[in-house]
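Subject: Structure handover

Hello,

Here is the structure you asked about. Please open it and keep it beside you as you read.

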Amino acid sequence: MADLSRRKILGMLAGGFVAFLTSPSAVDAAPTIRAGDTCKKVGRRTTSGGKTFECVEANGARVWKRAKETAKPQQPAKPAADGIKVLDSSALSVGKSENVVVSSGGRNFAVVVTRTSAGVVAFNRACTHQGTLVTVNSANQLYCISHGSLFNLTTGAVVEGPASRALTQYKVTETGGAIYLTL
Ligand code: FES
């Protein structure tokens with residue numbers, strides 16, 4: 001009888017232990033680590049309670065220590081300017097124009113860049129009449145050889161037809177000794 005009771009008690013204890021191990025609270029509950037608790041492998045890191053700990057050797061013992069947060073990756077440096085570099089600033093004195101070809105999105109754009117007394121301006125060289133490329137003439141205008149249209153060099157406006165629309169203008173940024181275009 002005493003033997004049976006002992007078996008019963010042992011069975012109940014074992015059943016209770018198994019129930020405890022498989023209960024959601026036992027499975028989910030991770031042991032909480034506190035600084036100073038012993039650890040096994042130096043250098044190992046773990047997170048507990050939202051804090052990061054690292055196993056370190058201290059006074060001959062291996063203990064968890066609050067780890068310094070890993071530095072966030074730095075954002076890449078912003079480019080010096082928006083746009084595409086087309087010329088060095090030194091290449092364009094006041095009153096001077098340069099024809100450049102700018103590649104963007106798999107296309108090439110013929111652009112005339114001019115430094116005026118008020119700053120640098122840039123226009124697409126395609127004549128708005130039928131697309132012939134304009135060039136700077138001796139009167140400092142943009143001239144189309146096909147049908148004679150003339151455009152203002154600093155504003156792109158039509159001076160003389162048959163073209164009726166101004167040349168396409170691009171945003172220019174000048175910084176760090178270079179000229180950039182935004183197409
Ligand atoms: S294409 Fe330029 S004026 Fe006709």
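**A buried alanine**

A122 counts as buried, because it has 29 C-beta neighbours inside 10 Å. The cut-offs are these: a residue is buried if 20 or more other C-beta atoms lie within 10 Å of its own, exposed if 12 or fewer, and partly exposed in between, with C-beta atoms placed from the backbone.

Two notes before going on. This is a predicted model: local features need pLDDT of at least 70, side-chain atom pairs count only at pLDDT 80 or more, and totals for chains, interfaces and linings use all residues. Residues are numbered from 1 along each chain as its sequence is written.

Now back to A122. It sits in strand β7, residues 119-124. Strands (E, at least two residues) and helices (H or I, at least four) are DSSP runs, numbered from the N terminus. Which residues is A122 in contact with, leaving aside its neighbours within four places in sequence? They are V111, V112, V113, Q169, Y170, V172 and L181. Contact means that the C-beta atoms of two residues, placed from the backbone, lie within 7 Å. V100 is 22 residues from A122 in sequence, and the C-alpha to C-alpha distance is 9.8 Å.

**A sheet of 4 strands**

Next, look at the open sheet with the order β8-β9-β10-β11. Its pairing is antiparallel. Strands pair if DSSP finds at least two bridges between them. β8 (135-136) and β11 (158-160) stand at the edges. Each has a single partner strand, so one side of each is left without a neighbour in the sheet. Strand β9 (residues 141-143) pairs with strand β10 (residues 150-152) over 3 bridges, in the antiparallel sense. Find Y143 there: it stands opposite L150 in β10.

Most residues other than glycine have a negative phi, and most peptide bonds are trans.

- N59 has a positive phi, near 55 degrees, and is not a glycine. It is in the loop between β2 (51-58) and β3 (61-66). N59 is exposed, because it has 5 other C-beta atoms within 10 Å.
- N140 also is not a glycine, yet its phi is positive, about 55 degrees. Its place is the loop between β8 and β9. Is N140 buried or exposed? It is exposed, with 12 other C-beta atoms within 10 Å.
- The peptide bond from G161 to P162 is cis, with omega near 20 degrees. P162 lies in the loop between β11 and β12 (169-175).

Best wishes
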